[in-house]
Amino acid sequence: MKQLLLLSLLSITSTFSLFAQLCPGDIDIIEDENLTVWDIEANGTQIFSLAEFQGTIDIGGSVYFQDDFGFDARGLVLMAHDLTGGLLWSQQIPGTSFFTTKPALTASADNVYVSATSIENNNAEHHFKILEYSAPDGTPGWSNNYIIPVSSSNLPFGAQLNPHEAIIDVTGRLIITGAYSGSVTIGAPTLSTTVGLSETFVMAVDQVTGNDLWAVQSTGSGGRARAWTIEEVANGDIVIGGHFTGTVDFGGTSFTATNIDVVNPYIASLNPVDGSANWVVGMDNDPVGFNNIYDIDSDDGNNIYFVGAFNDNIN
């Protein structure tokens, strides 16, 4: 049975659920095959985890149910633990069924934020949700719901939008990135892709109010462009990383691969005030391969470090 270990300042996650064991070293093991953890965040005093589930689960006496609806529907549950692994609270995320390709989770000292997309109205609509919860007790705060008409999509399981990672910058902007396909209106701007293809999106909302601040997208994809990771560097700029085919372009700042059919990695730097591009750097792999950037970090000197995967060779 797979396990979730919640350690002081260290979290190791996999599939987990329902009953708890006390272990040496302030470790709490929670077990069940019915839960799969997708993300974990810590705010210094608490550890938050976002998990997918099906059927009925019992978390510390709180019972949650996810109806199958005849199409293998999946729910999301948010949990908070203290640094010794003790369960503090849990909340089921409202929605009919969620796409669980790495939904996004981030936290501050006071609040925790979930970004995920659900299937609604017999798959006529996908609802991209951003929700705030109080960190101490899980009380729901503001929530945003962006309704996306269902059309052709090359994202996993036909999703119209997948948020993959979120951060809170030093000015209080909640910034989310991922991938989308079709047409989606986020605040004032409407983002759109070539039919059936995908592009990267990056958006910012006010952490306190949830008000939309800005949203930008990549263009030029020959099939797919996605962002998997986001980081704030020391100078305040936002850096995202992921993969693309053909060209990755943010507002005229672009990189074009030698072979437009190969999936290549990229990194882009954006201005946190309005999402405008500072620079875009792509990597080129030819003739074959699937290449991606999965995580980014930086240091006080604004140097950027990343990890990813590639096949054959990379330039």
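Which residue forms a salt bridge with Arg 74, and how far apart are the closest N and O atoms? The partner is Glu 52, with the closest N and O atoms 2.2 Å apart. Here a salt bridge is a side-chain nitrogen of Lys or Arg within 4 Å of a carboxyl oxygen of Asp or Glu. This pair links distant parts of the chain, 22 residues apart: Arg 74 sits in the loop between β9 (62–66) and β10 (75–82), while Glu 52 belongs to strand β7 (residues 46–53). Strands are DSSP runs (E, at least two residues), and helices are runs of H or I with at least four residues, both numbered from the N terminus.

Before going on, a word on the model. It is a predicted one, in which local features need pLDDT of at least 70 and side-chain atom pairs count only at pLDDT 80 or more, while totals for chains, interfaces and linings use all residues. Residues are numbered from 1 along each chain as its sequence is written, and side-chain values use heavy atoms, leaving out hydrogens and water.

Back to the charges. Side chains of opposite charge can pair when their charged atoms come close. By the rule above, the count comes to three salt bridges. Asp 72 also pairs with Arg 74, at 3.0 Å between the closest N and O atoms. The other bridge joins Asp 169 to Arg 173, with a closest N and O separation of 2.9 Å. Through shared partners, salt bridges join Glu 52, Asp 72 and Arg 74 into one network.

Asp 169 leads us on to Asp 237: the two are 68 residues apart in sequence and 9.2 Å apart in space, C-alpha to C-alpha. Asp 237 is found in the loop between β22 (219–232) and β23 (238–250). Leaving aside residues up to four places away in sequence, Asp 237 has contacts (heavy atoms within 4.5 Å) with Glu 231, Glu 232, Ser 269, Leu 270, Pro 272 and Asn 278.

Finally, look at Thr 106 in strand β12 (residues 97–107). Thr 106 is buried, at 6% relative accessibility. Beyond four places in sequence, its contacts include Glu 41, Val 112, Tyr 113 and Ile 168.

Definitions and conventions
Buried < 20%, exposed > 50% of the residue type's maximum accessible area, 1.4 Å probe, protein only.
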